[in-house]
Amino acid sequence: MVLFVDSLHAPSPPPFTSIKIAKWTSMLQSKHTGSLFDSSYMTSLAAGPLPLIHTMPGVLWTANGRGPVDQGTARSANYVRTEIPVRIAHRIRDLQALPYVVVTQEGVAKVYDLYWTAFEKFRHLPKITNLSENEAFCEFLENILAEHAPVIPSLSLGLSLASPHLPPDALDSFMHRMLVSRISRRVLAEHHLALTKSLGKNSLEAQDPHVGIIYTALNLKTSIDKCVKLLQNRPHSNEDSMEENRSDTGWPEVIVDGHLDTKFSYIREHLEYILIELLKNAMRATGLRHQDAVTLPPIRATIVAGENHVGVRISDQGGGLSLASIQSPSDLFSFSHVRNATRMDDDRLGALRTASSRGVKATVAEQVGGETGRCHEGKDLEREAGIVPHQQIGLGLPMSNIFATYFGGSLELVSLDGWGE
């Protein structure tokens, strides 16, 4: 699932390629001190191929305490320093290619400004050569992550409002590129931050062995049990008001069966985000379907492990897909109102505006609606996610799908009308 290659350097920028700029972009450019459209550096980065993410052997030596700390940390820092602006440049070009009617929607110009500002900050960073400079670089990364907290709700709001003006395939393709790129940038940043924090420690011999944010022996049943506990500790008022009268009954039991000893290498925060979202939806649907039942029917999570694949099936008795506005379960992954009419609901748009104004950290705590999402070290469990796992915003399932496919997996929703999923 995680690819380690021998390349220690970011690729050189390709030759400058002249790209015609849409007229609307001059409006966004006016408040920047530099000239965006005369920047051969930005356009050359955006015109070149987008390399795959990789981590470096030197970083592994640093994390395991078996190599030169300064050298390994500097390599990791400089890889992140040079790689992130390449990915930002590609997304700036995507935004510049949008039709004028799209970029005038609220939130889109805000995202553009954040991306360009971040690009300018990264391009002026000096090379990191020692631990002291890396410490300052890590503080810089933390600030960038905080500044970009409103990006995904802002972008989702703007594209939802622009949905009537874009074909569904074009809208979903754009959002997919934006969200995948955001995940990749945050993985790079958070992985380096985690490696820096583990300097001098052998994290592979810890109770949960890991290198940076990559857990090398992730116990799937343990993650499922943790997510179930977090969800079952929620008050019922966190969900639909129809469920408030279920406080005496509690939440459905979750039975975990199959290959219970399965362990594999993965980013734990991505996995648990997906599990939280699927289990939360299953619990909610079951509670709504069986409001008059004395005991709620159980939810079953089945683990299946093969030589090269690991699968989890979560099945419930929540009645299946019952929304008249959704024709296919896969439409729940779409950002287009043509495929998912709930994108234009006033309540959802209002929730996106609220999230855009305050920003979010994309933690499990936000998914379950409280502080219970923090692990025992007091750290956020899903800082790497980089999105808004908030109720009523409509990003949970689309982001779960992107997380699942990011490392070559898949997420399939199968609805049995009248029974469940």
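User: Which helix holds both Arg87 and Glu83, and how many residues apart are they?

Analyst: Both lie in helix 4 (residues 69-96), four residues apart, about one turn of the helix. Helices are DSSP runs (H or I, at least four residues), as strands are (E, at least two), numbered from the N terminus. This is a predicted model, where local features need pLDDT of at least 70 and side-chain atom pairs count only at pLDDT 80 or more, while totals for chains, interfaces and linings use all residues. Residues are numbered from 1 along each chain as its sequence is written, and side-chain values use heavy atoms, leaving out hydrogens and water.

User: What do Arg87 and Glu83 form?

Analyst: Start with the general idea: side chains of opposite charge can pair when their charged atoms come close. A salt bridge is a side-chain nitrogen of Lys or Arg within 4 Å of a carboxyl oxygen of Asp or Glu. Arg87 and Glu83 form one, with their closest N and O atoms 3.0 Å apart. The structure holds 14 salt bridges.

User: Are Arg87 and Glu83 buried or exposed?

Analyst: Both are buried. Buried means under 20% relative accessible area, exposed over 50%, and partly exposed in between (1.4 Å probe, protein chains only).

User: Which residue forms a salt bridge with Asp208?

Analyst: Arg268 does, with the closest N and O atoms 3.9 Å apart. Asp208 lies in the loop between helix 9 (168-197) and strand 1 (210-211) and Arg268 in helix 11 (residues 268-289), so this pair ties together parts 60 residues apart in sequence. Asp208 is partly exposed at 40% relative accessible area, whereas Arg268 is buried at 12%.
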